[in-house]
Amino acid sequence: MQQIGGFNGRVADAPSDNWVYRILPPWLWPYAQLARWDRPIGWQLLMWPCFWSVALAANAAAAQGLFSGSQMLFHLLLYFIGAVAMRGAGCTYNDLVDHDIDMEVARTRSRPLPSGRVTRTQAKIFMVLQALAGLLVLLQFNWFAVILGVLSLSIVALYPFAKRFTDWPQFFLGLAFSWGALMGWAGIFGTLSFAAIGLYLSSVVWTIGYDTIYAHQDKEDDELIGVRSTARLFGDQTRQWLIGLYGATLVLMLLAFVLAGAGFASYIGLLIAAGMFAWQIARLDINDATQCLALFQSNNRVGLIIFAGLFVSVLFALP
């Protein structure tokens, strides 16, 4: 294995057999790591609220006789590209802000900036390039959706600093990561509705839940360096908090489905998701970092199941 910067060119918390290391030349690895291409769970979790929103809007449009299959598929493609680009830009920005903190945390000190494999200037240029790709995607939508998308940048800019002034940085992550729940609806209808807002709130609470599980990996290091999180705040009461958070996720999403007139298959998907949430809560061991990561990653399957239910509902709603 090629040695790069004393870290073999890899980061501590990413799989070493990822396609990044099989396909890309080693000089590109640090940039792929800045964008987290070797850890797809981030863009997947950013993408699902977008996909849910598109599919929920498609359910509503089908009920009104306004459904366009080509539009839905095109929007899904755009949100996939946008999620990868903007998650990468956001992670690069976060690494720039957290450069000093990442040097003090065992799990993150092998990242490209603290390990010295890229300079801050190189990271900034790469961040801008990714943001421009995201902008090109955004400009494919109507102007209401474009303005709505631009408004999210203020939350994205604030999030990396939240861990310094609140015990609830996961709430700010939820505000940013869930924005797609508004965007999908706005992209189709050019406006918002109570259904879209309910879906957004549901996604915010879901994000707080899964990222609390994720944050338990770093709680000892976070305590030493003064970084705050809901994992540290909830502590041994995390399981009880997750019951409330995941329960609220389901209730708010159920409300969004009812308001949008979603089809029967949507509720089956939601019921399966409820079972997956219960499994996470029952399995959780907050002192097992490996298990916390696996449970966090299982939320990708939750997102997929909810989307599948909404998508199948659209198919059944077609004449």
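Mentor: Start with a contact, meaning heavy atoms within 4.5 Å. Gly42, Trp43, Leu46, Met47, Cys50, Phe51, Val54 and Ala58 in H3 meet Met72, His75, Leu76, Tyr79, Phe80, Ala83, Val84 and Arg87 in H4. This is a predicted model, where local features need pLDDT of at least 70, side-chain atom pairs count only at pLDDT 80 or more, and totals for chains, interfaces and linings use all residues. Residues are numbered from 1 along each chain as its sequence is written, and side-chain values use heavy atoms, with hydrogens and water left out.

Trainee: At what angle do the axes of H3 and H4 cross?

Mentor: Helices are DSSP runs (H or I, at least four residues), numbered from the N terminus. Axes are lines fitted to C-alpha atoms over the stretch in contact, with angles from 0 to 180 degrees between N-to-C directions. H3 spans residues 41-63 and H4 residues 69-97; their axes come within 9 Å and cross at roughly 155°.

Trainee: Which residues of H10 and H11 make the contact?

Mentor: H10 (residues 180-189) and H11 pack at about 155°, with axes 8 Å apart. They are therefore roughly antiparallel. H11 gives Ala195, Ala196, Ile197, Leu199 and Tyr200, and H10 gives Ala181, Leu182 and Trp185.

Trainee: How many residues of helix H9 are buried?

Mentor: Buried means under 20% relative accessible area (1.4 Å probe, protein chains only). H9 covers residues 169-177 and is largely enclosed by the rest of the structure, because the buried count is 8 of the 9.

Trainee: Which helices do the buried residues of H9 pack against?

Mentor: Those buried residues include Phe172, Leu173 and Phe177. They pack against H3, H4, H8 (153-165), H11 (194-215) and H13 (230-234).

Trainee: Why is the pair of Tyr31 and Phe126 edge-to-face?

Mentor: Rings of Phe, Tyr and Trp (its six-membered ring) pair if their centres lie within 6.5 Å, and planes over 60 degrees apart count as edge-to-face. The centres of Tyr31 and Phe126 are 5.4 Å apart, and the pair is edge-to-face because the planes are at 70°.

Trainee: How many residues apart are Tyr31 and Phe126?

Mentor: Both are buried. Tyr31 is in helix H2 (residues 29-34) and Phe126 in helix H6 (residues 120-138). The pair links distant parts of the chain, 95 residues apart.

Note on methods. Rings of Phe, Tyr and Trp (its six-membered ring) pair if their centres lie within 6.5 Å; planes under 30 degrees apart count as stacked, over 60 as edge-to-face and the rest as tilted. Helices (H or I, at least four residues) and strands (E, at least two) are DSSP runs, numbered from the N terminus. Buried means under 20% relative accessible area, exposed over 50%, partly exposed in between (1.4 Å probe, protein chains only). Angles under 35 degrees count as roughly parallel, over 145 as roughly antiparallel, 65 to 115 as roughly perpendicular and the rest as oblique.
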